[in-house]
Amino acid sequence: MAELDIGKHCNVKSCNQKDFLPFVCDACSGVFCLEHRSRESHSCPEIPVKKDVTTAGGSTSYQCTLEDCKGKEQLPVICPHCQKHFCLAHRHQDDHKCEKLETPKPRMAATQQLVKDIVESKKGKPASKGRKGAKNSATAAKVALMKLKLHAAGDKGLPQTERTYFQVFLPKDAKDSSLPMFFCSKWSVGKVVDYAASLANLKNNNNVLTAKLRLCHPETGMALKMDDTLLSWLAHPESPLYNGGNVILEYLDNDCTELEDVSAYLLQS
């Protein structure tokens, strides 16, 4: 298995330290380590991008560059694609309509290949029990969806046609083993993770070097790509994700791509 090339080297020549979570300067767009992240420490030659300097206590706040948004953050939240400032609510590409947002075709192709690989891995397993078993499975799925709709938490402002319901199995040390939730089918997996974490009151520090929250496959435990959309998974006829099904939310290390024991989560319910 090829080694993952994670992180970037600090642009300060005398440093060149490799940082797994590098900082991008909001003025010169350079990449720097923790020690050289401030403009003073790397002798930044550029004028910083739009910011609002508050008078209370002399603190600095960074204003969201999205038109008509008045959100501000005390620390810069920079889109790694367009290099612009945004508030936490608009940090995802689809939320600020990022000019560098890729078309869904490449991601859809990657997702289809992933689903194909999963289906291929199941070919050696025992076959289903025929039409009767398939009919019972379809009925069970409909019943599960009806139950989820009665109790699921989510954004009540979402249109019914865009809602996707899941029984979300939470990290092992969480207060609840699982919770019913619904999300917008157009959201990215990353946004689903953020929203699920807020509903379950889970820590979701994406700027740490240790474990991060990931959304995982309910059968294989594979971590879904953060920039995939729910719709790209739901639209595939052989996808294991479906409206009314299960997903797993768990903390994974940076170099970990899947859960070791999926059954341990599903048995908690």
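Is Lys186 buried or exposed, and what is its relative accessible area? Lys186 is exposed, with a relative accessible area of 53%. Here buried means under 20% relative accessible area, exposed means over 50%, and partly exposed lies in between (1.4 Å probe, protein chains only).

The structure is a predicted model, in which local features need pLDDT of at least 70 and side-chain atom pairs count only at pLDDT 80 or more, while totals for chains, interfaces and linings use all residues. Residues are numbered from 1 along each chain as its sequence is written, and side-chain values use heavy atoms, with hydrogens and water left out.

**Helix H3**

Helices (H or I, at least four residues) and strands (E, at least two) are DSSP runs, numbered from the N terminus. Helix H3 spans residues 189-199 and is mostly covered, since 8 of its 11 residues are buried.

After H3 comes Asn201, which has a positive phi, near 55°.

**Salt bridges**

A salt bridge is a side-chain nitrogen of Lys or Arg within 4 Å of a carboxyl oxygen of Asp or Glu. By this rule the model has 4 salt bridges, including those in the table.

| Salt bridge | N to O distance |
|---|---|
| Lys186 and Glu162 | 3.3 Å |

Asp194 counts as buried because its relative accessibility is 14%, whereas Arg91, at 28%, counts as partly exposed.

Lys191 belongs to helix H3 and Asp95 to the loop between E7 and H1, 96 residues apart. Lys191 has 18% relative accessibility and so counts as buried; Asp95, at 18%, also counts as buried.

The exposed Lys186 pairs with Glu162. Lys186 lies in the loop between E9 and H3, and Glu162 in the loop between helix H2 (131-151) and strand E8 (163-169), so the pair ties together parts that are 24 residues apart in sequence.
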